[in-house]
Amino acid sequence: MSKVETLYLKFIDGNKRRVDVYLPNGYNNSKKYKVIYFHDGQNIFFDSEATYGTSWKIKDICDEHSYPFIIVGIYNGNEERLNEYAPFLVDADPKEAKKYNWTKALGQLYASWIVETLKPYIDSHYSTLSDFSSTAICGSSMGGVMSSFMGAKYSNVFKYVGVFSLASWYNEKEHLNYIAQSKPNLNQCYFVYVGTEENSIPFYEGMNKIYLSCTSSYLHTLETLGFDNEHLMFVLGQGEEHNEASWSHHINNFLKLVNKISR
């Protein structure tokens, strides 16, 4: 049987942060496993833990397909989530930003914590394949922002990058500039998803069009950097909204990508 273990590790704020670790059926130390890191870890395995009562159901999907992965779900910081998932300061009316407690840019610290603290811990305590070809990062909304940022910043750490419902509208200019100016690793594989009926924090009207535009600009930036169809997969969710149920419909496409035998 597969299982999910719970860890508490010292986080960037000095407090303990919960991390859930999925171990596949038959996990044992005589084998080595690819690792996928997920943002918003409370939302990926169980409905009972999910913020809005519906999870990505990743445990069920991995069990059904017998994927040989270790999956690491990093819980977010609740009221600090938007700050932790922002590599750059939000580009919005200061009053609106303050209303949502979105006044800091802690994303780069959070990213370095994953790479410099969490990943070494996971690699030393579990039977992992720790190399570039066996490591993935994935997230949605502002978690998608963090995945896209980390894919660019740590392009020799994460081969597979899952970007669901990219919320780069929070500061699209700075975010896209960072991606565009990064040194691409064309051996990476990107999976990008957006729904046609996306909506979230109402900083702007017509959020669905904004999400579509952000995703289109991001895809164009990756293509300009040199990523071809073999390394860049895009899925458009017709009629799908900004929620875990929609992301759950498409996460298996990303898992299939990670499960491919590396060349």
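Select Gly-151, Ala-152, Ser-155, Ser-182, Lys-183, Pro-184, Asn-185, Gln-188, Tyr-190, Leu-222, Leu-225 and Phe-227: these residues line the largest cavity. A cavity is a set of points, on a 1 Å grid over the protein atoms alone, where a 1.4 Å probe fits but cannot get out, and lining residues have an atom within 4 Å of a point. The model is predicted; local features need pLDDT of at least 70, side-chain atom pairs count only at pLDDT 80 or more, and totals for chains, interfaces and linings use all residues. Residues are numbered from 1 along each chain as its sequence is written, and side-chain values use heavy atoms, with hydrogens and water left out.

The largest cavity has a volume of about 40 Å³, the space filled by probe spheres set on grid points joined across faces, edges and corners.

Rings of Phe, Tyr and Trp (its six-membered ring) pair if their centres lie within 6.5 Å; planes under 30 degrees apart count as stacked, over 60 as edge-to-face and the rest as tilted. By this rule there are 21 aromatic pairs. In Tyr-27 and Tyr-33 the ring centres are 5.1 Å apart and the planes at 35°, so this pair is tilted. The pair of Phe-164 and Tyr-193 is also tilted, with centres 5.7 Å apart and planes at 40°. Both Phe-164 and Tyr-193 are buried, meaning under 20% relative accessible area with a 1.4 Å probe and protein chains only.

Methods
1 Å grid on protein atoms, 1.4 Å probe; cavity = no way out; pocket = protein on both sides within 12 Å on 5 of 7 lines; lining within 4 Å. Buried < 20%, exposed > 50% of the residue type's maximum accessible area, 1.4 Å probe, protein only.
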